[in-house]
Amino acid sequence: MTVGDEPQGRRRDAAATRVAILSAAQELFAERGYERATVRDIATRAGVNQALLFRYFGNKDELFRATMTDRGRSVLEAGPVDALLSRLLERVLEPGGGVSPGSWLQAALRSSGHEEGASVIRRELGEEYLRALSSLTDSADGELRADLLLAWLLGIGLVRSVLRREPLNSSDPAEIAGHVLRAAGVLLERNDAEFPPA
């Protein structure tokens, strides 16, 4: 295979190649964070060479941005807004408390110390989640309420999957979600408290 060529199986399927690169990047950013996930390792896991990865995404920052927006938006678009918090909790509380393949939240937690990573998270996802969640209340401070819940979710993710602190790490996801969703109802009165989400 020459530099820039796609592997034989993907020669005519640019969409599949893009998906393979994004999937590999999502997994490695979730496992290692922005700093430790190398372009070489991402390309190897995707079954392509680095030149092809750069042709599709330009550079590592653009690839990170694409992985975050791809997964983050898929959560937003997966169902009604009133169940968004429940969908987010479902991902944060995945069994085992470990890194799920391609989890954008894990990637966000592990990459938040990197300036570009934090900027992408704020710009590409934070504003959309904030806007969506704040629409679930008529309160004048709706954005603050939504931001408090997002901060809580990130904290739960950090304690459960990175720090693995007890008792949160081994607690039943449904029990945790029940407490969070009941409390969230005080801040966002139109929030759906069903867990797991329909």
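This is a predicted model: local features need pLDDT of at least 70, side-chain atom pairs count only at pLDDT 80 or more; totals for chains, interfaces and linings use all residues.
**Figure 1. The order of the elements.** The chain has nine helices and zero strands. Read from the N terminus, the order is α-α-α-α-α-α-α-α-α.

**Figure 2. Helix α1 against helix α2.** Helix α2 covers residues 39–46. The axes of α1 and α2 come within 8 Å and cross at roughly 130°. The crossing of α1 and α2 is right-handed. On the α1 side, the contact is formed by Ala20, Ile21, Ala24, Ala25, Glu27, Leu28, Phe29, Glu31 and Arg32. On the α2 side, the partners are Asp41, Ile42, Arg45 and Ala46. Sorted by class, the contact of α1 with α2 holds eight nonpolar, no polar and five charged residues.

**Figure 3. Helix α1 against helix α3.** Helix α1 runs over residues 14–36 and helix α3 over residues 50–57. Their axes are 11 Å apart, and the helices pack at an angle of about 100°. That angle falls between 65 and 115 degrees, so α1 and α3 are roughly perpendicular to each other. From α1, the residues in the contact are Ala14, Thr17, Arg18, Ile21 and Leu22. From α3, they are Leu52, Leu53, Tyr56 and Phe57. The contact of α1 with α3 consists of seven nonpolar residues, one polar and one charged. Ile21 of α1 takes part here and also in the contact with α2.

**Figure 4. Helix α8 against helix α9.** Helix α8 spans residues 142–162, and helix α9 spans residues 173–187. Their axes come within 10 Å and cross at roughly 165°. An angle over 145 degrees counts as roughly antiparallel, which is why α8 is described that way relative to α9. The crossing of α8 and α9 is right-handed. In α8, the residues that meet α9 are Arg145, Leu149, Trp152, Ile156 and Arg160. In α9, the residues that meet α8 are Pro173, Ile176, Val180, Ala183, Ala184, Val186 and Leu187. By class, this contact has ten nonpolar, no polar and two charged residues.

**Figure 5. Asn169 in the loop between α8 and α9.** Asn169 sits in the loop that lies between these two helices. Its relative accessibility is 16%, which is under the 20% cut-off, so Asn169 counts as buried. Ile156 is 13 residues away from Asn169 along the chain. The C-alpha atoms of Asn169 and Ile156 are separated by 9.2 Å. Ile156 is also one of the α8 residues that meet α9.

**Figure 6. Ala174 in helix α9.** Ala174 is a residue of helix α9. Its relative accessibility is 41%, between the limits of 20% and 50%, so Ala174 counts as partly exposed. In sequence, Ala174 and Glu90 are 84 residues apart. In space, the distance between Ala174 and Glu90 is 8.8 Å, taken from C-alpha to C-alpha.

Methods:
Residues are numbered from 1 along each chain as its sequence is written. Side-chain values use heavy atoms; hydrogens and water are left out. Helices (H or I, at least four residues) and strands (E, at least two) are DSSP runs, numbered from the N terminus. Axes are lines fitted to C-alpha atoms, for helices over the stretch in contact, and angles run from 0 to 180 degrees between N-to-C directions. Angles under 35 degrees count as roughly parallel, over 145 as roughly antiparallel, 65 to 115 as roughly perpendicular and the rest as oblique. A crossing is left-handed if the near helix is turned anticlockwise from the far one by less than a right angle, and right-handed if clockwise. Contact means heavy atoms within 4.5 Å. Ala, Val, Leu, Ile, Met, Phe, Trp, Tyr, Cys and Pro count as nonpolar, Asp, Glu, Lys and Arg as charged, and the others, Gly among them, as polar. Buried means under 20% relative accessible area, exposed over 50%, partly exposed in between (1.4 Å probe, protein chains only).
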